[in-house]
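Please look at the sequence and the structure shown below before reading on.

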Amino acid sequence: MKGKATFEDNITRLGQIVSELEKGDIALEKAVELYGEGVKLSAACREQLDNASLKITEDSGNATSEE
Amino acid sequence: MPVITVTQINKYIASILKNDRNIQGIMVRGEISDYVRHFRSGHVYFTLKDSESAVKAVMFASTASRLRFEPEDGMAVIVSGSIGVYERDGAYQLYVNDIIPEGAGKAGAALEQLKKKLQKEGIFDTAHKRPIPPMPKKIGAVTSLSGAAVRDIINVLSRRYPIGELYAVNAQVQGEGASESVCKGILKAEAAGCDVIIVGRGGGSSEDLSAFNTEKVAYAIYNCKVPVISAVGHETDFTVADLAADLRAPTPSAAAELSAPDITLLYEKISILDKRAEKAALAILDRCTERFIAMNAKLAVQSPENRLKLTGERLTALDRRRETAFLRYMDRLERQLAEKAARLDSLSPLKVLSRGYSLVYKDNKLLNSSEKLKKGDRITVNFGNGGAEAEITEKW
């Protein structure tokens with residue numbers, strides 16, 4: 001699943017984790033688990049940015065007009 | 001027949017002309033001649049003529065200053081304004097609001113009409129403008145794939161937003177069928193799942209922008225389900241595409257920049273989230289630690305060890321109390337004893353003896369009368385500090 005998650009998926013999930021941690025009313029064990037997940041997500045996000053290269057799709061548009 | 005004045009005539013004519021809608025707010029085609037810009041006032045005077053006739057025209061300084069070009073004699077133009085009377089000379093003339101060069105003039109007039117129409121239909125309403133998504137997954141570009149615009153967009157996005165995806169749809173941006181091609185391109189980009197679409201062309205102001213000045217394109221942009229950024233490079237005039245778009249960019253590069261955040265901002269965003277996560281986690285840890293310390297303190301109070309200690313302390317205290325109480329009690333006893341002893345001492349018969357009395361015993365029994373004594377009995381006399389044995393020789 002981690003391999004398929006997009007940058008946006010990851011950073012969105014990271015944002016959710018931060019919000020949940022910031023609510024504060026969670027068990028320590030859960031907090032540790034969330035924090036661990038957050039660290040992983042953040043690393044994944046950075047890696048995705050580091051390795052990103054613009055994906056370009058060209059659509060010849062009107063050349064095929066039957067669409 | 002009443003006699004009237006010249007002024008009355010001119011005023012009357014003026015009022016008639018002013019109320020005739022056919023000559024108020026009109027556009028007139030013609031050629032400029034005798035063009036003069038008055039040196040001091042800034043008012044502009046000229047004659048507008050065609051092959052058969054001419055009309056005097058005046059444009060006041062306030063409106064003339066807004067002209068984007070300098071009219072000159074011989075120029076074919078479309079003039080907008082109203083017919084009025086110059087009462088001093090009894091001459092009617094054209095009071096001009098705007099002059100449009102005829103080259104672009106025809107199209108210009110039509111364009112103005114189109115803009116007014118679309119305005120009325122709400123196509124340009126700011127209320128309809130949607131925000132650009134903060135982090136688009138797929139950015140659409142509808143432009144000529146052989147033009148400079150798409151290269152500029154690719155360059156900017158590769159540098160600033162490599163995490164994204166560009167869906168570039170080829171569209172014919174000028175010539176016959178261009179507007180249809182642009183409309184189709186917008187639909188294709190939308191169907192491809194783009195979450196923001198850049199529509200435009202490169203080249204700048206000298207290029208033909210007519211494809212972007214059509215009702216079709218305006219509606220295609222208006223009806224597009226995702227936000228559209230126009231990039232029809234033109235400095236002064238906005239095309240209807242610009243006006244209908246959710247956001248207008250001066251160039252395709254600028255449109256690309258507006259379409260997505262810069263990667264450095266994304267790194268920053270991650271850093272900020274990291275810090276927030278750390279701070280929040282530490283806060284939770286702190287709170288748990290505090291609670292643990294508080295609990296632990298409570299627990300320590302209840303521990304057997306502590307109770308033993310407390311009991312020991314209480315025992316020691318009791319012990320000390322007991323000891324002092326005992327000592328005090330002993331003291332009192334001693335004092336009482338001493339008092340009693342002193343009193344006893346004063347009552348002692350021995351004391352009496354020392355004053356000259358003696359105690360007489362017979363068979364170890366104290367005698368207090370001579371009654372039971374007979375001659376020959378042996379008695380013991382106690383003097384207090386000594387004693388003697390005696391024999392009774394006489395009795396009375």
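## A helix across a barrel

Helix 1 (residues 6-18) of chain B lies across strand 4 (76-86) and strand 5 of chain B, running at about 135° to strand 4 of chain B. Helices (H or I, at least four residues) and strands (E, at least two) are DSSP runs, numbered from the N terminus, while angles run from 0 to 180 degrees between N-to-C directions of axes, which are lines fitted to C-alpha atoms, for helices over the stretch in contact. This is a predicted model, in which local features need pLDDT of at least 70 and side-chain atom pairs count only at pLDDT 80 or more, whereas totals for chains, interfaces and linings use all residues. Residues are numbered from 1 along each chain as its sequence is written, and chains are lettered from A and ligands numbered from 1 in the order in which they are written.

In chain B, five strands close into a barrel in the order 1-2-3-5-4, and the pairing is mixed; two strands pair if DSSP finds at least two bridges between them. Neighbouring strands of this sheet are turned by 50° against each other on average, direction ignored. Strand 3 (residues 54-59) and strand 5 (residues 91-101) of chain B pair in the parallel sense over two bridges, and B:Ala57 stands opposite B:Leu94 in strand 5 of chain B.

## One residue of strand 1

B:Arg37 is found in strand 1 (residues 26-37) of chain B. Because B:Arg37 has 15 C-beta neighbours inside 10 Å, it counts as partly exposed; a residue is buried if 20 or more other C-beta atoms lie within 10 Å of its own, exposed if 12 or fewer, and partly exposed in between, with C-beta atoms placed from the backbone. Leaving out residues up to four places away in sequence, B:Arg37 touches B:Gly42 and B:Val44, where a contact requires that the C-beta atoms, placed from the backbone, lie within 7 Å.

Of the 67 residues of chain A, 27% count as buried. The 24 residues of helix 2 (residues 28-51) of chain A should span 34 Å at 1.5 Å a residue, and its end C-alpha atoms are 34 Å apart, which agrees; the expected span is 1.5 Å times one less than the number of residues. The buried residues of this helix, among them A:Leu34, A:Tyr35 and A:Leu41, pack against helix 1 (7-23) of chain A together with helix 9 (263-302) of chain B.

Between the chains, 32 residues of chain A are in contact with 36 residues of chain B. Helix 1, helix 2 and strand 1 (55-59) of chain A are the elements that give two or more residues to the side of chain A that touches chain B. Strand 1 of chain A and strand 7 (residues 165-170) of chain B pair in the parallel sense over five bridges, and A:Glu58 stands opposite B:Ala168 in strand 7 of chain B.

## An enclosed helix

Helix 5 (residues 178-191) of chain B is largely enclosed by the rest of the structure, because eleven of its 14 residues are buried. Among these buried residues are B:Val182, B:Cys183 and B:Ile186. What covers them includes strand 1 of chain A together with strand 6 (138-143), strand 7, strand 8 (196-201) and helix 6 (215-223) of chain B. Just after helix 5 of chain B, B:Gly193 takes a positive phi of about 90°.

## An enclosed strand

Strand 9 (residues 228-232) of chain B is likewise largely enclosed by the rest of the structure, because five of its five residues are buried. In a regular strand the side chains alternate between the two faces of the sheet. Both faces of strand 9 of chain B are covered, with B:Val228, B:Ser230 and B:Val232 buried on one side and B:Ile229 and B:Ala231 buried on the other.

Strand 8 and strand 9 of chain B pair in the parallel sense over five bridges, and B:Arg201 stands opposite B:Val232 in strand 9 of chain B. Two bridges also join strand 9 to strand 10 (residues 247-248) of chain B, and these strands run parallel; in strand 10 of chain B, the bridge partner of B:Ser230 is B:Arg248.

Conventions: Contact = placed C-beta atoms within 7 Å.
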